[in-house]
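Keep the 3D view open as you read.

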Amino acid sequence: MDAPPAGPGSPPAGGLPRRVHVGYALGSLATGAFGTVPGLLLLPYLTDTLGVAAGLAALLVLLPKAWDVLVNPVAGRISDRTRSRWGPRRPWLLGAGLALAVLFAAIFAAPFGVGPAAGAYVAVAFLATATAFAFFQVPYVAMPAELTDDAAERTRLMGWRVAVLALAILISGAVAPVVVTAGGEGVAGHRWMGVFVAVLIGLGALGVFLGTRSAATGTVTATEPTLRAQLAVVAADRPFRALLLCFVVQSAGVATILAGVSYFAAQILRDPTTGPTVLFACFVGPALLVMPLWTRLGARLGKKTALVAASLLLAAGAAALLAAPVLPAVAVYAVVALLGVGYAGQQVFALALLPDCVAASTARTGRRQAGVFTGLWTAGETFGLALGPGIYGLVLALSGYVSSATGTAAAQSDTARLGVLLGFTAVPALLIAPATLLLRPHPYLPPPSPGLVDHGVVAGTKAAKIHGKATTSP
């Protein structure tokens, strides 16, 4: 079926102003901070500050985000049907974004001190925060497919977004542990950290709301009458299913690395004070430097091949860190930087392929259901990011990791230290590399229809090329 004709609210065919690129990307301050800090600090906060057992802490981290698997598709359907003078997405960016900021600070408020009651409070607060995040993230991720119909322009949007995302992850992930230390460690330090990250989230929400005010919002066309029918349409999209499942598994692998940073620094590098910040900077920093190189490689190889290459590099770096106990610290940091190079490519190409899938579905069906697609995508991503700390916590529990309520990690056995190492290295490698096999059975998108040309694959491509890997809707 042909796509519906463009109307007054239809997205432009490309050439978005730079202020829209930047404005849209600012939303990644919120998604990057929330996607990073809980995965980095929440599990150690529960085990080493609140005294929650590692197995129970893993469950408390996993369940609230698993809730998003149910909430995100609902958030997508609601935003698809929203009608306002700000368009279908922007009201949610403002309201849910500000709610997300306040609730994030509440996670680390610790009104019940330490112990079981404190753990239960964190679970409830994290559940509420995850719900607010769903209503921010789903409309945010849905926007590119409605801002422009040009595949190369969508990838330029993703390039800006991933660059700001990397900056947000670097700032939140590297500075948050410093704030905890400067705030006095323990409960007090985590309270200050919660406020710091809340401010970062609030700035991101306001930035994307104001920065996209001049952009066309697109026409949200007819959708299936029920959520069940919408999910059935999306579930039948084989390229989307393959891409989603790969990304979920890889997100779990990345989240396992993030969850292990503090433990790895303390138990393997023996540097609990500065180690987490340096490790995190080495992991995320390269993303800001290598993005132009990845976009050129993507233009040459195509998005699918580039995604596989980046994923294998990420997995190889994680596996190489098995040798960390016998390597000097500078060599460990160099290998972590290699992980960061792979992580940058894995993120940008997966995110660039998503709006291509949405646009292809719109072209086939004549129905713009970006919210449902991205609802499932963000549900899967959120579940993967929650599953990572859960997996790491389970590895710690099985290896006999000892929790502490003092704000400082307890002395650990050799077996527990081995669990710390394997959870940070072998486990993510075994998740990330095999997941690329999920991409083999299907092309990402159908071959371009007559007259439909993908004008470049990544930012910076000048010549119009038909790659057979992506298409644009008219």
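## The largest cavity

In this predicted model, the largest cavity has a volume of about 210 Å³. Its lining is made up of 17 residues, and those closest to the centre are Leu165, Tyr343, Gln347, Glu381 and Leu385. Zooming out, the structure holds six cavities of 30 Å³ or more.

Which helices each supply at least two residues of the lining of the largest cavity? They are α2 (28-48), α6 (116-142), α8 (151-182), α11 (238-267), α14 (329-365) and α15 (370-399). The largest share comes from α2, which gives four residues.

## Two residues with positive phi

Here's a bit of background: most residues other than glycine have a negative phi. Now check out alanine 110, where phi is near 50°, a positive value. You'll find alanine 110 in the loop between α5 (90-107) and α6. Is alanine 110 buried or exposed? Alanine 110 counts as buried because its relative accessible area is 5%, and the cut-off for buried is under 20%.

Glutamate 185 also has a positive phi, near 60°. This residue sits in the loop between α8 and α9 (186-211). With a relative accessible area of 36%, glutamate 185 is partly exposed, since that label covers values between the 20% and 50% cut-offs.

Terms used. Residues numbered from 1 in each chain as written. Predicted model: local features only at pLDDT ≥ 70, side-chain atom pairs only at ≥ 80, totals over all residues. Heavy atoms only, no water. 1 Å grid on protein atoms, 1.4 Å probe; cavity = no way out; pocket = protein on both sides within 12 Å on 5 of 7 lines; lining within 4 Å. Points joined across faces, edges and corners; volume = space filled by probe spheres on them. Buried < 20%, exposed > 50% of the residue type's maximum accessible area, 1.4 Å probe, protein only.
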